[in-house]
Amino acid sequence: METVQFGKIKEQSYTMKESLRALKTNIQFCGDDVKTILITSAIPNEGKSTVAMDLARSLTESGKRVLLIDTDMRKSVFVGRLRATTTTGGEIHGLSHYLSGQKRLEEVLYGTEIPRLFMIFAGPAVPNPTEILEKKYFEELLRFGREHFNYIILDCAPVGAAIDAAVVAKHCDGAIVVIAQGMASGRLILSVKKQLEASGVRILGAVLNKVKKKKSSYDGGYYGGYYGSYYGSYYGRGDSRKG
């Protein structure tokens, strides 16, 4: 198994770290049977990949072994955003290579410079991601992940843009929907919720992302504003009954 190194990792603000702790705690209180967690959104650019990465990092800080799988084979961002490179300088192979039978699992599984965090990148875009996600290789991958890791975090394509997440969801213990403030309509969010429920997955809750807080009276500034172009303050809610 090769190791990848990252040329760019955003530093997390205090507010973001506290939000991640709340999200992580809520997940842990969902029960020890929740190990495979799908992260999706209604539409693109709501920050689901950022949340997936930061949640995975937060879990490793608690001593957990985490496997982060990028299943968004339509529009993957991890390699470019993280400026990921292998320590040997070779090509990064990914999920599409594995699901199409071109590479073995050990050839697409990478260690990272973050202790206890392992990744499988999406690989090259494919014309039929939904079809290859339904192959036996994907089930075998998740079975391997359950045996060797405490948590598996799956970054999925937005439900409103593709049905990939619904296909992946039926193999997962829970799903978290990332909702960026002011982007997707309430009707679309409810539609996403219904599609996920139809797959049989348990909806653990939602993450409200890219929230610009109001000015605080005691410091005259913003408490937890936007973090870069795609990072935002977010808070995880662990009870899907609350809407």
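User: Which are the buried residues of helix 1, and what does buried mean here?

Analyst: This is a predicted model, in which local features need pLDDT of at least 70 and side-chain atom pairs count only at pLDDT 80 or more, while totals for chains, interfaces and linings use all residues. Residues are numbered from 1 along each chain as its sequence is written, and side-chain values use heavy atoms, with hydrogens and water left out. Buried means under 20% relative accessible area, exposed means over 50%, and partly exposed lies in between, with a 1.4 Å probe and protein chains only. In helix 1, Thr15, Met16, Ser19, Leu20, Leu23, Lys24 and Ile27 are buried.

User: Why is proline 44 called partly exposed, and where is it found?

Analyst: Its relative accessibility is 38%, and therefore proline 44 counts as partly exposed. Proline 44 sits in the loop between strand 2 (36–41) and helix 2 (48–61); here helices (H or I, at least four residues) and strands (E, at least two) are DSSP runs, numbered from the N terminus. Leaving aside neighbours within four places in sequence, proline 44 is in contact (heavy atoms within 4.5 Å) with Pro158 and Met183.

User: Which residues of helix 7 are buried, and what puts them on the same side?

Analyst: The buried residues of helix 7 are Phe138, Leu141, Leu142 and Gly145. They cover an arc of only 95° around the axis, which puts them on the same side of helix 7, the arc being that of the directions from the helix axis to the C-beta atoms. On the other side of helix 7, Lys136 and Glu147 are exposed.

User: What makes strand 3 and strand 6 a pair, and in which sense do strand 5 and strand 6 run?

Analyst: Two strands pair if DSSP finds at least two bridges between them. Strand 3 (residues 66–70) and strand 6 have 4 bridges in the parallel sense, with leucine 117 in strand 6 as the bridge partner of valine 66. Strand 5 (residues 110–112) and strand 6 run antiparallel and are joined by 2 bridges, and phenylalanine 118 in strand 6 is the bridge partner of glycine 111.
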